Amino acid sequence: MTKKHITSLAVRIALICLVLIFAGCSASKSTLTADLPLQTKWVLEDIDGTGVIDFAQSWAMFTEDGRVTGSGGCNRFNGSYTLENNTLEVGPLASTRMACAEAVDSQEFKFLQALGQSLNVRTENGLLFMEGNGGSLRFSTQ
């Protein structure tokens, strides 16, 4: 190899390394991962193994820009989230304050309280599981 070929090869290797470095740096905490499919309406199916009130549909949707929106079953909410190493941190959340039936209000409180915890996130068989601090949430898609 000539000096020109060696220099050209070194420049190509350096460029490849820079592309890989910048690709890794540009990844955001809230980007799409296999464990939190985004732009999906996740409907709450279970809180701590006790089920939920079906007519009070609680749900959440996570976007690529680190925002979460949803409903606790009566009130709508929105806020921010981060996802790093399959650990979800949500909040703070803003919520409407409509009057709800007591059972729905109780479910909504438990749901939003659980979302306020640091949660481990995983998907399995099309379901989304969030677990942390002794509690768990299970979601399906609609």
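Q: In which strand is Leu137 found?
A: In this predicted model, Leu137 is found in strand S8, which covers residues 135-141.

Q: Why is Leu137 called buried?
A: The relative accessible area of Leu137 is 2%. Buried means under 20%, so Leu137 is buried.

Q: Which residues is Leu137 in contact with, leaving aside its neighbours within four places in sequence?
A: Leu137 is in contact with Leu44, Asp46, Ile47, Phe111, Ala114, Leu115, Leu128, Phe129 and Met130. A contact requires heavy atoms within 4.5 Å. For Ala114, the C-alpha to C-alpha distance to Leu137 is 7.7 Å, and the two residues are 23 apart in sequence.

Q: Which residues of H2 are buried?
A: In H2, they are Val104, Gln107, Glu108, Phe111, Ala114 and Leu115. They lie on the same side of H2, because they cover an arc of only 130° around the axis. In an α-helix with 3.6 residues a turn, residues three or four places apart point the same way.

Q: What does the face of H2 turned away from its buried side carry?
A: That face carries Glu102 and Phe109, which are exposed.

Q: Does Asn86 count as buried, partly exposed or exposed, and why?
A: Its relative accessibility is 31%. Buried requires under 20% and exposed over 50%, so Asn86 counts as partly exposed.

Q: Why does Asn125 count as exposed?
A: Asn125 has 75% relative accessibility. The cut-off for exposed is over 50%, so Asn125 counts as exposed. Asn125 lies in the loop between strand S6 (119-124) and strand S7 (127-132). Although not a glycine, Asn125 has a positive phi of about 50°.

Q: What kind of peptide bond joins Gly91 and Pro92?
A: The bond is cis, with omega about 0°. Pro92 lies in strand S5, residues 87-95.

Q: How do you know that strands S2 and S3 pair?
A: Four bridges join strand S2 (residues 59-62) to strand S3 (residues 67-71). At least two bridges are needed, so S2 and S3 pair. The two strands run antiparallel, and Ser71 in S3 is the bridge partner of Trp59.

Q: In what order do the eight strands close into a barrel?
A: The order is S1-S2-S3-S4-S5-S6-S7-S8, with antiparallel pairing. On average, neighbouring strands of this sheet are turned by 35° against each other, direction ignored.

Q: How do the elements of the protein run from the N terminus on?
A: They run α-β-β-β-β-β-α-β-β-β, with two helices and eight strands in the protein.

Q: What share of the residues in the protein is buried?
A: Of the 142 residues, 31% are buried. The protein exposes about 8,800 Å², and carbon and sulfur atoms supply 56% of that area.

How values were computed: Residues are numbered from 1 along each chain as its sequence is written. This is a predicted model: local features need pLDDT of at least 70, side-chain atom pairs count only at pLDDT 80 or more; totals for chains, interfaces and linings use all residues. Side-chain values use heavy atoms; hydrogens and water are left out. Buried means under 20% relative accessible area, exposed over 50%, partly exposed in between (1.4 Å probe, protein chains only). Accessible areas come from the Shrake-Rupley method with a 1.4 Å probe; for residues, only the protein chains shown count as cover. The arc is that of the directions from the helix axis to the C-beta atoms. Axes are lines fitted to C-alpha atoms, for helices over the stretch in contact, and angles run from 0 to 180 degrees between N-to-C directions.
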